[in-house]
Amino acid sequence: NDRTFERRVVTYGLNNRIARKVWNDGTADYRTVALFSLGQSYDFKEAQRVGQQFGSHPWSMIDGLFDIRLEHFETYTTVSVSPYREHFADVSSRVRAMLTPKNFLEVSYTRNWILDSNYKAVEPNGESRSYGLGAGFVSRYADLVGHFEYTDLTHDPNKPSQILGWGYELNIRPPGNCWVIHFKQLQVLGG
């Protein structure tokens, strides 16, 4: 059954944008410096359902977004909170420091939960958490970007922590700007 036709949903949200005026060759340009967004949905059809094993759950996750982009600093964070279960929030965040727009160092953090159908407990092995580290360097003849992702939460007692994956991208531009040698490798361990 296609649930799309069984829904009557209203979505509400709050968005706040902070802009900054910068001058480029005597012309004003407006750039978003910060964005904050918060939103949720309510399903009227779901609210009318009776006799379900775990009851009705018409409210969607409360989703938040926090995005800041300054000249030498960026952060991008999303949060999703269940209205039916306290103290469980899915979080994804990245913080980047930049010497130039293309030379950067960044750290990231992600935590997710899989709750059971009645939103009361975490499914077995339903929690995941990871940390990431990345960097980028651009020069006249070469670009290098790399990252790796690590977790301290594994469901195997013999592996208390592990690297989840890594990757890099290397572009070499010989003099003359005619061609590029491109190397790229992504590795998801165990995948």
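**Aromatic pairs**

Author: This predicted model holds five aromatic pairs.

Reader: By what is a pair of aromatic rings described?

Author: A pair of aromatic rings is described by two quantities, the distance of the centres and the angle of the planes. In this structure, Y12 and W59 form an edge-to-face pair, with 6.5 Å centre to centre and 90° between the planes.

Reader: Which parts does the pair of Y12 and W59 tie together?

Author: Y12 belongs to strand β1 (residues 9-24), while W59 lies in the loop between α1 (44-48) and β3 (62-69), so the pair ties together parts that are 47 residues apart in sequence. Y12 is partly exposed at 44% relative accessibility, and W59 is partly exposed with a relative accessible area of 36%.

Reader: How is the pair of Y131 and Y150 arranged, and what is the angle between the planes?

Author: The pair of Y131 and Y150 is tilted: the planes are 35° apart, and the distance is 6.4 Å centre to centre. Y131 lies in strand β7 (residues 122-138) and Y150 in strand β8 (residues 142-151), so this pair ties together parts 19 residues apart in sequence. Y131 counts as partly exposed at 31% relative accessibility; Y150 is partly exposed as well, with a relative accessible area of 29%.

Reader: Which residues do ring pairs link into a cluster?

Author: Ring pairs link Y12, Y42, F44 and W59 into a cluster.

Reader: Over the ring of which residue does the charged end of R96 sit?

Author: The charged end of R96 sits over the ring of F104, 3.8 Å from the centre of that ring.

Definitions and conventions
Residues are numbered from 1 along each chain as its sequence is written. This is a predicted model: local features need pLDDT of at least 70, side-chain atom pairs count only at pLDDT 80 or more; totals for chains, interfaces and linings use all residues. Side-chain values use heavy atoms; hydrogens and water are left out. Rings of Phe, Tyr and Trp (its six-membered ring) pair if their centres lie within 6.5 Å; planes under 30 degrees apart count as stacked, over 60 as edge-to-face and the rest as tilted. Helices (H or I, at least four residues) and strands (E, at least two) are DSSP runs, numbered from the N terminus. Buried means under 20% relative accessible area, exposed over 50%, partly exposed in between (1.4 Å probe, protein chains only). A charge sits over a ring if NZ of Lys or CZ of Arg is within 6 Å of the ring centre and within 35 degrees of the ring normal.
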